[in-house]
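Try each task before reading its solution.

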Amino acid sequence: MKTDIKSFLPEELEREITAAGQPKYRAKQVFNWLHVKNAGDFSQMTNLPGDLIRVLDKNFYILPIKIKKKLVSSIDNTVKFLCEYDDGQTSEAVFMQYHYGNSLCISSQIGCKMGCAFCASTLAGFARNLRASEMLAQISVIEAAANSKISRVVLMGIGEPLDNFENVLRFLRLVSCPEGRNLSGRNITLSTCGIADKIYELAEYRLGITLAVSLHAPDNALRSRIMPVNRRWPLEEVIKAAKYYANKTGRRATYEYALIRGENDGADQARRLAGLLRGSLCHVNLIPVNEVKERGFKSAARQGVLAFAAELEKNGIAVTIRRSLGQDINAACGQLRREELQLADRCSPAHTRDGRSAQNL
């Protein structure tokens with residue numbers, strides 16, 4: 001069977017190339033074609049000898065990816081992409097323009113298992129993990145479509161990155177590889193709902209990336225109600241793990257807090273959140289929750305967001321308010337994929353639509 005070559009780390013690719021009787025430097029050439037020049041076919045690798053091209057074509061493949069749908073915000077030029085993979089599955093990515101450069105929010109899974117009550121990503125169910133090569137491909141295909149260089153990457157799209165730990169770790173090592181894209185860890189953010197044991201494991205690699213932990217509540221009762229993961233990893237354990245990450249890496253943790261009107265946006269809740277975080281290397285990123293029609297949650301009013309931020313600052317917690325982008329295109333991940341699946345269901349005879357899962361690949 002052919003192997004996914006773009007997921008190989010440099011040392012793994014070198015072993016494959018030398019095992020085929022080729023000199024080591026050929027591995028560097030192949031890696032450059034894959035990760036710098038973004039070749040989609042071995043025949044494009046024009047400085048390689050014919051016998052090596054034939055070996056590559058016989059034993060390996062470059063996973064294809066295409067843009068199935070593109071939505072452009074008329075408000076702020078944010079662009080939402082629906083990416084399709086070779087098995088017909090789709091995920092979403094969001095391209096955002098800032099004064100400091102272009103950011104891309106990518107997906108790490110197709111669907112999500114976490115079941116957060118306010119999130120659209122989990123509504124369509126979980127299909128499979130994304131490979132490292134498929135995460136990388138989101139960047140290259142969108143750079144080409146936008147005709148713009150991406151300088152920051154955020155793993156905050158569909159899926160829970162730490163639930164796909166090995167593939168995500170491989171992606172992080174590849175995207176930051178000096179011989180490849182060479183993206184600094186300081187320009188990478190990984191967002192997690194709080195899988196504490198994997199936060200500890202990630203810290204040991206000292207990759208220098210920013211860890212963003214979704215809290216969304218100042219107590220376990222509320223957090224368990226809106227985030228089922230809290231029943232396995234309670235608030236205190238998640239914060240303890242995030243503090244360990246900050247101390248181990250020297251990178252302050254970001255705590256994300258989606259403000260839901262009438263649920264978690266009260267002044268007393270702000271004070272309790274401050275009490276949980278006080279004294280640690282961190283800051284809080286407040287996010288007016290994205291309204292998903294199937295969920296029924298309403299975003300906190302602007303004045304409520306400002307009041308919550310002021311209460312945190314009064315209690316010694318650094319805070320920012322995330323600017324809402326792409327509101328006219330539902331830029332929060334999960335909604336476009338769900339709409340696409342619903343359309344496929346309506347257009348296909350019952351029980352015939354291809355819905356292959358990881359077990360079928």
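Axes are lines fitted to C-alpha atoms, for helices over the stretch in contact, and angles between them run from 0 to 180 degrees. Keep in mind that this is a predicted model.

**Exercise 1.** Describe how helix H9 and helix H10 cross, and which residues meet.

Solution. 
- Start with the general idea: two packed helices are described by the angle between their axes and the distance between those axes.
- Find H9 at residues 267-277 and H10 at residues 302-314. Their axes come within 9 Å and cross at roughly 35°.
- Next, the hand: H9 and H10 make a right-handed crossing.
- Now list the partners. H9 brings Ala267, Gln269, Ala270, Arg271, Leu273 and Ala274, while H10 brings Phe308, Glu311 and Leu312.
- Finally, sort the contact residues of H9 and H10: 6 are nonpolar, 1 is polar and 2 are charged.

**Exercise 2.** Work out how many disulfides the whole structure holds, and check Cys112.

Solution. 
- A search of the whole structure gives 0 disulfides.
- For Cys112, the nearest cysteine sulfur belongs to Cys119 and lies 6.3 Å away. A disulfide needs the two sulfur atoms within 2.5 Å, and Cys112 is in no disulfide.
- Then look at accessibility. Cys112 has 11% relative accessibility, so Cys112 counts as buried. Cys105, at 9%, also counts as buried.

How values were computed. Residues are numbered from 1 along each chain as its sequence is written. This is a predicted model: local features need pLDDT of at least 70, side-chain atom pairs count only at pLDDT 80 or more; totals for chains, interfaces and linings use all residues. Side-chain values use heavy atoms; hydrogens and water are left out. Helices (H or I, at least four residues) and strands (E, at least two) are DSSP runs, numbered from the N terminus. A crossing is left-handed if the near helix is turned anticlockwise from the far one by less than a right angle, and right-handed if clockwise. Contact means heavy atoms within 4.5 Å. Ala, Val, Leu, Ile, Met, Phe, Trp, Tyr, Cys and Pro count as nonpolar, Asp, Glu, Lys and Arg as charged, and the others, Gly among them, as polar. Buried means under 20% relative accessible area, exposed over 50%, partly exposed in between (1.4 Å probe, protein chains only).
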